[in-house]
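Have the viewer open as you read.

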Amino acid sequence: PISVPLPSFLAYRNWTGIIDRPTALFVGTHEGLMHAFRVDRLDGDIAVQDYGEELWAFMPAHLLEKTSDLAFRMDYLMDGTPVVKDVRLYKTSANMDIADETDAWHSVLVSGYGSGGRGYFALDVTRPESMGFMWELSNTRLSFNIPGQSEGAIDTSSYTRLGKTVSQQVIGSAFWNHYGVLGERAVVIYGGGASVDGATDSGKAVCVVDLETGTLAQEVCYG
C-alpha cells in the first residue's frame with residue numbers, strides 16, 4: 001500500500017510551532033492527576049535542569065471530589081491509559097480552504113480513569129508546554145471549552161450508561177450532519193466499561209463522542 005499524507009497535514013506537521021515543540025511524556029498518577037513531563041534533548045539547547053521538567057498537571061473535576069478519601073485509603077484514581085493523536089477535528093466540505101483545514105489539525109490527548117471513576121476528558125496538547133482544556137464528561141455532567149465559541153458545564157443524562165472507564169478509547173472520524181453542516185468530524189469511540197453497583201444499565205453501551213465538543217453523537221445500547 002502507498003500512504004500519501006494530506007496536504008493540510010503536511011502543512012501542519014511542517015509548521016515551526018510543531019517542528020520545534022518539546023517532546024512530552026504524559027502519565028497519570030493514583031491521586032487523580034494527569035502529568036506532562038519534558039523528555040526531549042534538542043541539540044543540547046535545553047538546560048540540564050529542564051530535562052524531565054514537569055510542564056503541567058491536570059485534575060478532572062470528577063476525580064477532585066474523590067481525593068478526600070486518599071487520606072484514609074489507597075485509591076487509584078487516574079488509572080486509565082491516555083491516547084494521544086494528531087487529528088483533524090473537522091472538515092466542513094470537500095473544497096475546504098487548505099489554510100482553514102490546516103488550522104483544524106490538533107494534537108489531542110484523551111483519557112479515562114480506569115477503575116478510578118466514570119468519565120473521560122480531552123486536552124489539546126498541540127503545544128505540550130501550554131495545554132488547553134477541551135472537555136470532560138462523566139455519567140452525570142459535561143464540561144466543555146470550545147475556543148472562540150462557547151464554554152461551560154451542564155448536567156446531562158446522555159452518559160448514564162457509562163460505567164467504570166476501563167474500556168480503551170479510540171480516536172477516529174465519522175461523517176454526519178453536525179448542526180446543519182454535513183461533513184467529517186473527529187470522534188472518540190469507547191465501550192461502556194465495567195458495571196457499577198446500583199446502576200443496572202452501566203457498562204451496557206458503545207458510545208461515539210464528538211472529539212471537539214465532548215457531545216454524544218451516537219450510543220449503541222445492549223442488555
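## Aromatic pairs

First, the ring rule: rings of Phe, Tyr and Trp (its six-membered ring) pair if their centres lie within 6.5 Å, with planes under 30 degrees apart called stacked, over 60 edge-to-face and the rest tilted. What you're looking at is a predicted model, where local features need pLDDT of at least 70, side-chain atom pairs count only at pLDDT 80 or more, and totals for chains, interfaces and linings use all residues. Residues are numbered from 1 along each chain as its sequence is written, and side-chain values use heavy atoms, with hydrogens and water left out.

By that rule, Phe-58, Tyr-113, Phe-121 and Phe-133 make up one aromatic cluster. Within it, Phe-58 and Phe-121 are a tilted pair, 5.2 Å centre to centre with 50 degrees between the planes. Phe-58 sits in strand β3 and Phe-121 in strand β7 (residues 119–124), so this pair ties together parts that are 63 residues apart in sequence. Strands (E, at least two residues) and helices (H or I, at least four) are DSSP runs, numbered from the N terminus. The cut-offs here are under 20% for buried, over 50% for exposed and partly exposed in between (1.4 Å probe, protein chains only).

The structure holds eight aromatic pairs. Another one is Phe-26 with Trp-56: the ring centres are 6.0 Å apart and the planes are at 35 degrees, so this pair is tilted. Phe-26 belongs to strand β1 (residues 24–28) and Trp-56 to strand β3 (residues 54–58), 30 residues apart, so to speak a link between distant parts of the chain. Both Phe-26 and Trp-56 are buried.

## The β1-β2-β3 sheet

Strands β1, β2 and β3 form an open sheet in that order, with antiparallel pairing. Two strands pair if DSSP finds at least two bridges between them. β1 and β3 are the edge strands, each pairing on one side only. On average, neighbouring strands of this sheet are turned by 15 degrees against each other, direction ignored. For that angle, axes are lines fitted to C-alpha atoms (for helices over the stretch in contact), and angles run from 0 to 180 degrees between N-to-C directions.

How many bridges join β1 to β2? There are five, and the two strands run antiparallel. Phe-26 turns up again here, standing opposite Ala-36 in β2.

## Two hairpins in a row

Further along, strand β8 (residues 132–138) runs antiparallel to strand β9 (residues 141–146), and three bridges join them. Trp-135 has Phe-144 in β9 as its bridge partner. The hairpin from β8 to β9 goes through two residues.

β9 then runs antiparallel to strand β10 (residues 150–155), with six bridges between them. Arg-141 is partnered by Asp-155 in β10. This hairpin has three residues between its strands, and Gly-148 in the turn has a positive phi of about 80 degrees.

## Nonpolar cores

A nonpolar core is a set of buried Ala, Val, Leu, Ile, Met, Phe, Trp, Tyr and Cys residues joined through side-chain atoms within 4.5 Å. The largest has 21 residues, and Val-108, Trp-135, Leu-137, Tyr-190 and Leu-211 have the most contacts inside it. The elements giving it two or more residues are β6 (105–112), β7, β8, β9, β12 (181–191) and β13 (205–210). There's also a second, separate core of 13 residues, which includes Met-34, Met-78, Phe-121 and Leu-123.

Glu-101 is in helix α4 (residues 98–103), and its relative accessible area is 7%, so Glu-101 is buried. The Glu-101 side chain makes a polar contact with the side chain of Ser-8 (2.8 Å). A polar contact is a pair of N or O atoms within 3.5 Å; within protein, one must be able to donate a hydrogen and the other to accept it, and residues adjacent in sequence count only if both atoms are side-chain atoms.

Arg-21 lies in the loop between α2 (16–19) and β1. Its side chain makes a polar contact with the side chain of Ser-107 (2.9 Å). Leaving out residues up to four places away in sequence, Arg-21 touches (heavy atoms within 4.5 Å) several residues, including Tyr-12, Asp-86 and Ser-107.
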